[in-house]
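Here are my notes on the model you sent over. Have a look at it first, then read on.

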Amino acid sequence: IGVPRCGASFQDLNKALKIDLNSNANCVWQIQRNENQTIRLIFSYFKFAPSSSCETESIKVYDGPSTDSPLLGQVCNDTDAVPVLQSSSDSLTFIITTNSVDFERSFFVYYYFSPNTKTENCGGQLTGPNGTLTSPNYPAPYPEFTYCVWHIQAPKNSKINLEFQDFFLELDQNCRFDFTAVYDGLTTNTGLIGKVCGRSQPTFESSSNVMTVVLSTDYANSYRGFSATYTSSPLPSSPVEPSTLLTCSSDSMKIVLNKSYLASLGYNETHIQVNEPSCTPVITDSVIFSFPLASCGTIKKDDGHSITYTNIVSLSATGNIITRQKSIQIIVKCKMENNSTLEVVYITKDNIIQNTTAVGRYNVSMSFYDSGSFSEPIHQSPYYVDLNQTLFAQVSLHSTDPNLLVFIDSCIASPEADFGSLTYDLIRSGCNKDDTVVTYPPVKHYARFKFNAFKFLQSFASVYLQCDILICDSNNTNTRCTQGCTSRQKRAISSYLWKTNTVVGPIRVKRDLRSADSSESLTKAEAEESPNPQYSFYTLSLVVLISNIIIVVVVILKYHKHQAGDGYQKLQSS
């Protein structure tokens with residue numbers, strides 16, 4: 001506590017910051033320490049100007065030593081969570097920007113370093129219709145710098161009731177120091193039901209069969225903690241969430257609504273439409289809308305670090321002058337973020353909003369081609385090539401959205417499929433690091449480059465490639481995908497929507513193929529020439545027998561010869 005009013009730089013292992021700002025602020029705080037540790041940053045309290053938007057007033061957190069580092073997260077007036085952000089290294093930066101409204105903003109944030117190998121000895125997965133959870137060491141005081149997350153999942157078509165029988169955390173009016181946060185769902189990014197501290201016996205209820213509980217503590221004033229139980233109970237007879245299923249893929253959106261659910265609301269399939277009325281559903285036992293992401297009136301929004309496709313399913317009476325039925329909107333969102341597809345369904349009915357989430361992925365692949373026309377992919381594996389042969393590689397995004405751009409940020413080679421300690425840079429931060437690498441201009445869903453084949457020393461036979469891929473909105477001309485080669489220090493941040501990596505290989509030099517063939521032939525020849533042990537024994541025995549017979553025959557012949565040449569003769573008298 002006691003921080004410069006606008007921005008500072010810290011090297012402390014941990015620190016709490018109380019920040020008060022007024023209008024037109026643009027303040028940067030930087031945390032860095034030469035440790036093999038990561039930083040956990042917690043915004044336990046924030047108060048922005050009323051009615052401010054994320055575009056005009058926010059906290060942006062960057063994963064590195066400056067605001068040119070990758071964007072880690074954003075906090076603003078409508079953030080429905082207690083933001084907890086974790087760096088990937090020993091440095092982190094955040095900037096607070098305020099608009100021109102004359103209002104006293106207030107923020108409380110604390111951070112601490114923790115080893116990369118540290119695992120939280122608390123939290124976990126709780127399944128089943130009921131269960132219990134307690135804070136670490138309960139009923140003894142909980143440890144400092146504790147961060148525990150419990151994910152509770154009850155049977156389908158039920159809701160969760162969480163009750164704290166004993167609860168004693170550090171008391172603060174705004175729960176800035178130690179707190180428990182409860183979320184309606186399986187994530188801690190949104191759906192905050194409540195945040196509590198002090199002494200009480202709070203209870204919480206979810207809207208579905210999943211709930212998340214978080215315990216966060218700082219460095220001082222530890223108390224007994226809590227003991228809690230959860231139970232589950234059936235949802236009402238007309239469930240909202242389980243009757244609407246949203247599936248998002250790399251190229252399409254699929255919405256499935258149960259007919260019985262529509263009937264319970266007084267509607268049928270003739271009363272339902274999406275943003276574009278000409279997009280009609282398929283009617284089976286359910287009402288099914290399935291269409292490409294960029295069609296049927298779907299609205300695409302780019303917030304700098306993710307892309308969201310939104311459509312609205314409307315239920316309303318038709319053919320009448322008046323109605324006494326409630327109009328219902330089902331807002332469906334496919335959010336492409338952090339190497340996944342986040343599916344969100346909001347159902348509005350009398351200003352009540354419920355939601356559900358699921359997870360999918362973008363579909364990205366990489367292949368070699370036989371020429372610079374990129375018309376014929378190489379299906380051979382391993383791919384045998386000549387040293388210094390030109391190789392053509394293409395990364396492909398499989399999506400129906402025409403306004404996406406693919407960019408190769410980095411590409412490394414390794415003799416090992418797991419990309420161990422020995423690697424070689426072909427492309428780094430969009431810059432060609434190998435003299436033979438040539439990158440082609442980006443073409444919508446394809447990123448292409450070529451390089452000359454090589455092999456690693458020390459007789460490594462194979463070469464594997466791993467490339468980091470960025471996907472951007474092509475309607476935005478100032479994105480990372482259009483900047484090409486940039487140094488890491490000067491890289492533009494939050495200008496790509498999604499990042500992943502893809503692997504292709506192995507590549508092997510044809511000499512190794514010939515060597516392998518020769519080795520195989522030699523082995524085969526040796527196998528043919530090498531006698532069978534049993535056969536060798538019989539052969540040897542036969543040779544010995546024949547030799548003995550020959551010796552006996554020779555001796556007999558010599559004996560008879562001797563008899564004939566040296567016999568007695570009768571002497572003639574003189």
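1. Among contacts (heavy atoms within 4.5 Å) between residues at least 6 apart in sequence, 71% link residues at least 24 apart. Keep in mind that this is a predicted model, where local features need pLDDT of at least 70, side-chain atom pairs count only at pLDDT 80 or more, and totals for chains, interfaces and linings use all residues. Numbering runs from 1 along each chain as its sequence is written, and side-chain values use heavy atoms, with hydrogens and water left out.

2. The chain has 4 helices and 38 strands, taken as DSSP runs numbered from the N terminus (helices H or I, at least four residues; strands E, at least two). Of its 574 residues, 43% are buried, meaning under 20% relative accessible area with a 1.4 Å probe, protein chains only.

3. Strand 32 (residues 404-414) and strand 33 (residues 424-428) run antiparallel, joined by 3 bridges; pairing takes at least two DSSP bridges. Cys-411 sits opposite Ile-427 of strand 33.

4. Strand 33 also pairs with strand 34 (residues 431-432), again antiparallel, over 2 bridges. Arg-428 has Cys-431 of strand 34 as its bridge partner. In this hairpin, with 2 residues between the strands, Ser-429 takes a positive phi near 55°.

5. How exposed is Leu-545? This residue of helix 4 (residues 533-565) is partly exposed, at 48% relative accessible area; the partly exposed class runs between the buried cut-off and the exposed one, over 50%.
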